[in-house]
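Hi,

Here is the structure I promised to pass on. Have a look at it first, and then read my notes below.

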Amino acid sequence: MKFGLHSANLHSCGYPDAAARLGRAAEAAGFESLWVADHVVLPDPPLPERPMPPDQRLLDPIVALTFLAAHTTRILLGTGVIILPQRQALVLAKQLASLDVLSNGRLIFGLGVGWCEPEMRSVGVPFAERGRIADEYLAAMRAAWTQPKPVYRGRYVSFEGVQAMPRPVQKPTPPIVVGGRTAPAFRRAVTQAHGWYGFGLDVPSTETFIAALRDTAKRHPRPAELGRLEISVTPPSYGVPDKATLDAYTAAGVDRLILRPRPEMDAPALERFAAEAGRALGAVHER
C-alpha cells in the first residue's frame, strides 16, 4: 500500500513555514504523496449537514501545490479534490500543466463535482448541472492536453484554432482521480479516470463503495488505456490506523491510504507527525 498525507493547504499549512516543513518531513519520511483540498468560498453560517467553519484557513490548491513543489523533489502532489465545475476548463488545464512542468511530472489530478450549493451559486455555477459541466470540462482538458490541433465543442465549453503550451510532462495526461460516492461519480471514475478517491471512509464503507465501482464496471466498459482502477481512501479519523485496520483496508482493495494530521497541529507538531507516522508505517511494512 502507498501512503499519502492530506490537508497540506489547510489550517496551519495555510502558512508558508508549516506547509514547507510538512512537505519536507513527509518526503523524508517516505510518504508517496501530498494532497490538498479545494473550496473557493465556504457558506457562512455553515450548512448543518457539513459544518465546516467559514473562517477555516484554506489556500488555493494549485498555488499551494506549486509552493510545495518548490520545497520538495520527489513526493507526488495531488488535488484531493478540485471542484471541477467551478474552474474554467482551459484555464485549469493551463494551471495544471504548468504545475506538472514545474514539479517535473509529479501531479495527480483529483477532481469532484462538489456538494455545496451556496458555493456553486457564489461563483455562478448551476448546481443541478454540475455533473454535466464536469464531464465536459474533463473532456475539453484532455483535448487541450493531447490533441495536435485541440478542438472541443460542447454546451459549456467550445474551442478550436488554439494551443496551450507547455503541455503536461506526464503523457498523455497526469493521473486522473475521481472523488464522489454517487452513481455518476462511479461511472466517471470507471470510464474516464485512472483512480477513485473516497474521503472519510471506514473499512465497511470502503468495501461497499469498491463493490459499487465493480458493479459499475460491468455496465460501463473501461477503456483499456486507463489500466486498473486505483483506489485511494482517507480514513474518518486523524493519525495512523493500527495494523489490523491497515490490513483491513488492504484486504478491501485499497491501493493508497491518505492520512490526516490533526487540525490543531502547529508547524513543529506537523513536522513530528510526518516523521513519526512514516516510522510507524515503515514498521508495519516490515512485520
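Which residues does L259 touch, not counting residues up to four places away in sequence? They are G4, L5, H6, F31, P235, G239, V240, P241 and L281, where contact means heavy atoms within 4.5 Å.

Before going further, some ground rules. This is a predicted model, in which local features need pLDDT of at least 70 and side-chain atom pairs count only at pLDDT 80 or more, while totals for chains, interfaces and linings use all residues. Residues are numbered from 1 along each chain as its sequence is written, and side-chain values use heavy atoms, with hydrogens and water left out.

Back to L259. You'll find L259 in strand β11 (residues 256-259); helices (H or I, at least four residues) and strands (E, at least two) are DSSP runs, numbered from the N terminus. L259 is buried, at 0% relative accessible area. Buried means under 20% relative accessible area, exposed over 50%, and partly exposed in between, with a 1.4 Å probe and protein chains only.

A polar atom of its side chain lies 3.0 Å from the backbone oxygen of G80. Leaving out residues up to four places away in sequence, H6 has contacts that include W35, Y197, F199 and P261.

Now for the empty space. Rolling a probe the size of a water molecule over the atoms shows where it is left. The work is done on a 1 Å grid over the protein atoms alone: a cavity is a set of points where a 1.4 Å probe fits but cannot get out, a pocket is an open set with protein on both sides within 12 Å along at least five of seven lines, and lining residues have an atom within 4 Å of a point. Grid points are joined across faces, edges and corners, and a volume is the space filled by probe spheres set on the points.

The largest pocket holds about 1,200 Å³. Its lining has 38 residues, with H39, R50, W115, R181 and F199 nearest the centre. Elements giving two or more residues to this lining are α5 (130-146), α6 (183-192) and β9 (195-199). The lining has 17 nonpolar, 14 polar and seven charged residues. (Ala, Val, Leu, Ile, Met, Phe, Trp, Tyr, Cys and Pro count as nonpolar, Asp, Glu, Lys and Arg as charged, and the others, Gly among them, as polar.)

The second largest pocket has about 150 Å³ of space. Helix α7 (residues 203-219) gives the largest share of its lining, four residues.

There are also two cavities of 30 Å³ or more. The largest cavity, at about 60 Å³, has C13, P261 and L270 among its lining residues. The second largest cavity has a volume of about 30 Å³, and α3 supplies the largest share of its lining, three residues.

Last, the cysteines. C13 is buried at 2% relative accessible area, and C116 is buried at 2% as well. A search of the whole structure turned up zero disulfides (pairs of cysteine sulfur atoms within 2.5 Å).

Cheers

Definitions and conventions
Polar contact = N/O pair within 3.5 Å; in protein donor to acceptor, adjacent residues only side chain to side chain.
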